[in-house]
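Me: I've got a model open and would like to go through it piece by piece. Can you take my questions in turn?

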Amino acid sequence: IMVKMKVFVVIPAYNEEFTLDKVIKEIKQTSKQYKILVVDDGSKDNTYQVAKKAGANYIIKNKKNLGLAQSFKIGVEECLKLGADIIVNTDADFQYNQTEIPKLIQPILEGKADVVLTDRRIFSLDHMPFTKKYGNLLSTLVTRFVSGFPVRDAQSGFRAFSREAALKLTILSDYTYVQETIIQAVDKR
């Protein structure tokens, strides 16, 4: 008997009214089964209305801007309450290809992984300034060193977690969660 896994896609969003609808539409085109949860991080634009109009299943609106890490944490906690088996995190700025979600979650479905990271191959990206590429590389090397895990792109926000892995995460940072979750995932095996 094939049990249907509940896949939730969390989209932390801050002032993303111009790209959020494209992200949500691409997720919906990829699979009607995925539940979409947008965490509007106190946006001053129409992010909330865009999320609603584009058909997000759930929208949480932070009263004020709490930062990416806290919005990610709020989204993950809500997905767990709603019974998610797999939680995918993506960005609201349309930099990731949402049609890749099935590939992203495959190792979790097959029981081969609890956390799946993506590699943007940042040095081949035309739209990213060199200084940002260098900063990404530096942060990835530090994360590699601290975690002992050969991560290729520690800054990528396009990643997936099994329910078990998500339950073990403790987000302490306000700004970013990306390195912290990798270090914790390795530490908690």
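Me: Leaving aside neighbours within four places in sequence, which residues is Lys44 in contact with?
Reply: Bear in mind that this is a predicted model, where local features need pLDDT of at least 70, side-chain atom pairs count only at pLDDT 80 or more, and totals for chains, interfaces and linings use all residues. Numbering runs from 1 along each chain as its sequence is written, and side-chain values use heavy atoms, with hydrogens and water left out. Contact here means heavy atoms within 4.5 Å. Beyond its sequence neighbours within four places, Lys44 is in contact with Tyr14 and Asn15.

Me: How far apart in space are Lys44 and Tyr14, C-alpha to C-alpha?
Reply: Lys44 is found in the loop between β2 and α2; helices (H or I, at least four residues) and strands (E, at least two) are DSSP runs, numbered from the N terminus. Lys44 and Tyr14 are 30 residues apart in sequence, and their C-alpha distance is 8.1 Å.

Me: Is Lys44 buried or exposed?
Reply: Buried means under 20% relative accessible area, exposed over 50%, and partly exposed in between (1.4 Å probe, protein chains only). The relative accessible area of Lys44 is 70%, so Lys44 is exposed.

Me: And what is the phi of Asn15, roughly?
Reply: Asn15 lies in the loop between β1 and α1, and its relative accessible area of 31% makes Asn15 partly exposed. Asn15 is not a glycine, yet its phi is positive, at about 50 degrees.

Me: Where is Phe94, which also has a positive phi?
Reply: Phe94 is a residue other than glycine with phi near 65 degrees. With a relative accessible area of 33%, Phe94 is partly exposed. Its place is in the loop between β4 and α4.

Me: How many bridges link β1 and β2?
Reply: Two strands pair if DSSP finds at least two bridges between them. Strand β1 (residues 7–13) pairs with β2 in the parallel sense, and Val10 stands opposite Leu37 in β2. The count of bridges between β1 and β2 is six.

Me: Which helix does the chain pass through from β1 to β2?
Reply: This β-α-β crossover is right-handed, meaning that with the strands pointing away from the viewer, the path from the first strand over the helix to the second runs clockwise. The helix on the way from β1 to β2 covers residues 20–30 and is α1.

Me: What does Val39 stand opposite in β3?
Reply: β2 and β3 (residues 58–61) pair in the parallel sense over four bridges. Together with helix α2 (residues 47–54), they make a right-handed β-α-β unit. The residue of β3 opposite Val39 is Ile60.

Me: Is Asn62 buried or exposed?
Reply: Asn62 lies in the loop between β3 and α3. Not counting residues up to four places away in sequence, Asn62 touches Val39, Asp40, Asp41, Gly42, Ser71 and Ile74. Its relative accessibility is 6%, so Asn62 counts as buried.
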